[in-house]
Amino acid sequence: MITWKQAAVLAAGALLPAGALAQEADCTEARAIWGDVKGSGSEEALLAFVEIFGTCPIYGALARDQLTGMREEMAAADEAASPDPVPDPGGARNESFTSQRALDTAGRLQVADLPPLKEPDPDSRHPELDFNDAEYDCISLAGAPGQTPYIDGVYWSELDPVLALWACSTALLDSDSPQDDVIAAYARALNKAEDWDRALDEAERAALMGNGMAMNLLGSMYRYGNGVEKDLTTALAWYEAAAERSFQLGLFNMGQFYQYGWGVEKDPDRALALYEKGASLWEVFSKEKLGLLYRDGVIVEQDISKAEDYLIEATTSGLPSAARHLAVMYENGEGAYAYDYDKALTLYAIAADKGDVEAMHNFGLMLYNGKGISPDRDSAKQIWLEAADLGHAGAQRKYGRIAHEDGDPDTAVRYYRMSAAQGDEVAQRLLKEMGVED
């Protein structure tokens with residue numbers, strides 16, 4: 001009898017009926033055979049794998065991701081082989097592939113390669129109203145806040161690349177002509193998964209379709225050198241293009257470049273104007289930035305009341321870091337405000353629940369020291385463990401110290417080493433005191 005593993009790696013031929021093995025299949029088996037399926041280059045094998053192991057969170061998503069890429073490459077190859085390709089009625093899908101083929105030899109997409117910016121038609125129906133369930137799930141799990149009306153999106157710290165790739169791969173496979181917002185969300189998930197080559201390809205594809213979020217993503221990839229050589233001038237151009245297409249986060253990113261002089265001369269006035277424009281359009285990062293500027297008296301005269309107002313607005317919009325900054329103000333009694341430990345604890349908890357590791361660390365400190373609450377060592381230990389496992393050096397050291405106090409030196413050393421590797425001098429000293437090399 002032919003085995004599933006043998007069937008999965010066939011380059012062609014009839015599929016092994018999924019029902020025959022569905023009861024035996026599990027995610028451990030999926031992991032064992034994924035390498036063979038991935039290396040087979042067979043669409044049939046991938047389809048069979050998805051049918052049988054599609055519910056496995058990691059390997060089902062990887063298979064869908066590879067299948068999506070394979071189909072895109074096949075479509076591009078088909079068009080390249082045609083001497084006179086017939087355009088798709090909508091034009092966007094064929095245009096994106098045709099332009100991308102030219103870019104394969106001429107270099108990466110640049111802002112100058114984009115189609116002319118069109119004036120919005122106020123009478124046209126907004127495409128976001130047409131999302132099906134799979135597309136909605138993709139944008140909800142991978143899209144950026146502010147990317148589309150009607151769908152919230154997700155902040156970077158909360159983006160789960162495995163779930164997002166699963167959802168977006170499913171949405172793309174189910175559509176012959178995917179919408180640009182879905183492609184852009186897919187690119188963002190690929191970027192979070194550090195699959196930068198694919199992220200660039202998909203972001204460029206969506207950018208050619210006029211998607212502002214994809215343009216902003218390209219700006220960030222050039223800014224940090226993710227998959228491309230770091231290029232601040234190109235990054236700024238992409239951010240500006242995003243802002244011109246109503247993706248307001250581009251305004252905030254442009255403001256940072258002019259505030260700090262990244263690739264351009266410092267221009268505090270222009271930076272402030274960009275932040276204020278972003279805030280007026282309810283761009284949440286611009287609101288947070290203005291709150292911090294007024295808190296610290298940078299570029300503007302210090303005004304703690306305005307700082308609080310801006311940070312409250314950003315927190316209300318769901319930005320975890322804004323909640324944490326506001327908590328710091330209440331914990332430390334910024335300006336003329338009295339200490340308000342109750343508010344600080346609540347805001348730290350909100351930000352920590354959204355994955356803000358600095359908030360987790362600070363929340364743990366308040367619990368451990370009994371600020372505004374009875375000391376709670378066990379809860380502090382638990383939250384420091386969560387932050388430590390997410391890479392926070394201070395939390396790693398603090399969790400290590402509690403583990404040491406609790407008679408677990410092996411765990412203490414492990415977490416001290418994590419912290420010391422990030423340059424934490426206290427952790428380095430504690431290791432030496434224990435006679436351990438860091």
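Predicted model: local features only at pLDDT ≥ 70, side-chain atom pairs only at ≥ 80, totals over all residues.

Q: How many aromatic pairs does the count come to?
A: The criterion is again a distance between ring centres within 6.5 Å. By this rule, the count of aromatic pairs is 10.

Q: Is the aromatic pair of Tyr294 and Tyr310 stacked or edge-to-face?
A: A pair of aromatic rings is described by the distance of the centres and the angle of the planes. For Tyr294 and Tyr310 the centres are 6.0 Å apart and the planes make 15°. Planes under 30 degrees apart count as stacked and those over 60 as edge-to-face. The pair of Tyr294 and Tyr310 is therefore stacked.

Q: Which helices hold Tyr294 and Tyr310, and how many residues apart are they?
A: Tyr294 belongs to helix α14 (residues 284-296) and Tyr310 to helix α15 (residues 304-316). The pair links distant parts of the chain, with a separation of 16 residues.

Q: Is Tyr294 buried or exposed?
A: Buried means under 20% relative accessible area. Tyr310, its ring partner, has 22% and is partly exposed. Tyr294 has 9% relative accessibility, so Tyr294 counts as buried.

Q: Is the pair of Tyr399 and Tyr415 stacked or edge-to-face?
A: Tyr399 lies in helix α20 (residues 393-405) and Tyr415 in helix α21 (residues 409-421). Tyr399 is buried at 11% relative accessibility, and Tyr415 is buried at 7%. The ring centres are 4.9 Å apart and the planes stand at 75°, so the pair is edge-to-face.

Q: Which side chain makes a polar contact of 2.8 Å with Gln259?
A: Gln259 is in helix α12 (residues 249-260) and is buried, with a relative accessible area of 10%. Residues touching Gln259 include Lys266, Leu293 and Tyr275. The polar contact of 2.8 Å joins the side chain of Gln259 to that of Tyr275.

Q: At what angle do α15 and α16 pack?
A: Two packed helices are described by the angle between their axes and the distance between the axes. Residues making the contact include Leu311 and Ile312 of α15 and Leu326 and Met329 of α16. The crossing is left-handed. The axes of α15 and α16 are 8 Å apart, and the angle is about 145°.

Note on methods
Residues numbered from 1 in each chain as written. Heavy atoms only, no water. Helix = DSSP H or I, 4+ residues; strand = E, 2+ residues; numbered from the N terminus. Buried < 20%, exposed > 50% of the residue type's maximum accessible area, 1.4 Å probe, protein only. Polar contact = N/O pair within 3.5 Å; in protein donor to acceptor, adjacent residues only side chain to side chain. Contact = heavy atoms within 4.5 Å. Axes fitted to C-alpha atoms, helices over the stretch in contact; angles between N-to-C directions. Left-handed = near helix turned anticlockwise from the far one by under 90°. Lists of a residue's contacts leave out its neighbours within four places in sequence.
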